[in-house]
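Here is a short tour for anyone about to open this entry in a viewer. Keep the sequence alongside as you read.

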Amino acid sequence: MTKTVDGESPNSYVLMDGMRGVGAFVVLIGHTMAFWANIPVGAAYVVVDFFFILSGFIIAYSYEPRLAKGLGIGDFMHQRVVRLFPIYVLGVITTFVVLAALAVQSATPESRLSQLVAELAPELFMLPAPVTHDGLLYPLNMPAWTLLFEMIVNLVFVLIWRWLSTPVLIALLLALALALGYHVFLTDGVDKGQNWDELLGGLLRAGFGFFGGVLIYRLSGRPKGPTTRRSWLSFVFLAIIPLMYFVEVPPKYLPISDIALVMVFGLAFVALSQRYHPSKRWWALFAWGGRVSYPIYALHFTAVELATRMAWKWPELTSTYRPLGGVAILIAVTLWAHLAEKYYDRPLRRWWMSKLKKKAPSRGSPTAPAAVAPEITARRPAE
């Protein structure tokens, strides 16, 4: 019998869970580096591309067998919304509340509040906000730009899945690689996507990463479950991710470096990672990393905005008290993410998916949705 998300499951790629957890911490630290130390971030932004590749592999592993059995486009996209929306909207609302409270104390509260409301309205529906002075797609939850492009790519995937044979997938990935490579050279790097003027870059990153992950799943023989090979090498994979901080490249070589990290190293890194497991004693820790990875990623922007404004008032937070300020932010966000995942996100999604499951027979769906979105711990639902 398959165990729940809280325990060991034979269907879980727990090393990938751990990688997602470490990646989320890397993103958090990168966005709060001023509170840690005066060091460059290096190539930490490619963690986002790793996320896209991991997502492609996990989505293919979790859903391709069910798509083959008749899971509909609407049900698939509904499950993707259920997986992403609760935590995402919590991050939007909390950032809005914090910024609105600060706006009341500003010199021009009415104009600032009007701007915040204008940003909130579309973001409540996972839509990007109107163009503002900073040009962010999601000024109330900046990292959510990746969710926008992931949802677009997910939709493309399920729409073309019927015709997406492995040769077609390879051709598609080669085309995306050429387009992304050209765009990287044109714009001097891969770190694009969060602003309105970077839409193409964000879409190409998500497309290449996601379909690269799907191809890894296909070329691995469409595994029905992870390997049973347990190895200390699992920790090597985790340790490699933070090293992206220290990959500094002269600007003139940045396009080549970014292409190599994303298209060569990224694909190979994820392909190799699905071959290993940690030992049982570490299984729960890796699985926990997977559970809190998305909440950390989607909720930390509130802490970033609040900490940044605190540093304006107390500059010593980014000088005298480093790295204590960074540690405090890390602990606070991790605790918040853990509680939000356990007591808000998981129960809400179970309730939401149970409603969808009850409606599935009336729509003639031959495959009822899982009680919990399966990729929460990189596992395939019991069929």
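## A walk through the model

Helix 5 (residues 145-160) is built from 16 residues and reaches 23 Å from its first C-alpha to its last, close to the 22 Å expected at 1.5 Å a residue. Please keep in mind that this is a predicted model. Which elements cover them?

**Confidence**

The pLDDT averages 89 over the protein, and 91% of the residues score at least 70. Over residues 1-8 the pLDDT is below 50, and this stretch has 18 contacts in the model beyond near neighbours in sequence. Residues 362-377 also stay under 50 in pLDDT, and the model has 54 contacts for them beyond four places in sequence. Where pLDDT is low, the predicted coordinates should not be read in detail.

**Nonpolar cores**

The largest nonpolar core holds 98 residues, and those with the most contacts inside it are Tyr88, Phe157, Phe208 and Phe211. Helix 2 (residues 46-68) gives the most to this core, contributing 15 residues. Another core lies apart from it, with eleven residues, including Ala24, Ala311, Val333 and Ala337.

Not counting residues up to four places away in sequence, Phe211 touches Val153, Val156, Phe157, Ile160, Leu164, Leu169, Leu172, Leu173 and Leu176.

**Aromatic pairs**

How many aromatic pairs does a search of the whole structure find? The count is 21. Two of them are set out here.

| Ring pair | Centre distance | Angle of planes | Arrangement |
|---|---|---|---|
| Tyr13 and Tyr61 | 5.0 Å | 85° | edge-to-face |
| Phe85 and Trp352 | 6.4 Å | 90° | edge-to-face |

Tyr13 sits in the segment before helix 1 (14-31) and Tyr61 in helix 2, so their pair links distant parts of the chain, 48 residues apart. Both Tyr13 and Tyr61 are buried.

Phe85 belongs to helix 3 and Trp352 to helix 11 (residues 324-359), so this pair ties together parts that are 267 residues apart in sequence. Phe85 is partly exposed, with a relative accessible area of 21%, and Trp352 is partly exposed too, at 23%. Elsewhere, ring pairs link Phe50, Phe237, Phe265, Phe269 and Tyr276 into a cluster.

**A buried serine**

Ser234 lies in helix 8 (residues 233-240). Is Ser234 buried or exposed? Its relative accessible area is 0%, so Ser234 is buried. A polar atom of the Ser234 side chain lies 2.9 Å from the backbone oxygen of His277. Leaving aside neighbours within four places in sequence, Ser234 is in contact with Leu15, Tyr276, His277, Pro278 and Phe286. One of these contacts, Tyr276, is also a member of the aromatic cluster.

**Backbone details in the loops**

A few loop positions deserve a look. Arg322 and Pro323 are joined by a cis peptide bond, with omega about 0°. Pro323 lies in the loop between helix 10 and helix 11.

Met126 is not a glycine, yet it has a positive phi of about 65°. Its place is in the loop between helix 4 (109-123) and helix 5. With a relative accessible area of 14%, Met126 is under the 20% cut-off and therefore counts as buried.

Asp188 likewise has a positive phi, near 65°, in a residue other than glycine. Asp188 lies in the loop between helix 6 (166-187) and helix 7. Its relative accessibility is 52%, so Asp188 counts as exposed.

**Along helix 10**

To finish, find Met310 in helix 10 (residues 280-313). Met310 is partly exposed, with a relative accessible area of 35%. The C-alpha atoms of Met310 and Ser12 are separated by 41 Å, and the two residues are 298 residues apart along the chain.

Conventions: Residues are numbered from 1 along each chain as its sequence is written. This is a predicted model: local features need pLDDT of at least 70, side-chain atom pairs count only at pLDDT 80 or more; totals for chains, interfaces and linings use all residues. Side-chain values use heavy atoms; hydrogens and water are left out. A nonpolar core is a set of buried Ala, Val, Leu, Ile, Met, Phe, Trp, Tyr and Cys residues joined through side-chain atoms within 4.5 Å. Buried means under 20% relative accessible area, exposed over 50%, partly exposed in between (1.4 Å probe, protein chains only). Helices (H or I, at least four residues) and strands (E, at least two) are DSSP runs, numbered from the N terminus. Contact means heavy atoms within 4.5 Å. The expected span of a helix is 1.5 Å times one less than its number of residues. A polar contact is a pair of N or O atoms within 3.5 Å; within protein, one must be able to donate a hydrogen and the other to accept it, and residues adjacent in sequence count only if both atoms are side-chain atoms. Rings of Phe, Tyr and Trp (its six-membered ring) pair if their centres lie within 6.5 Å; planes under 30 degrees apart count as stacked, over 60 as edge-to-face and the rest as tilted. pLDDT is the predictor's confidence in each residue, from 0 to 100.
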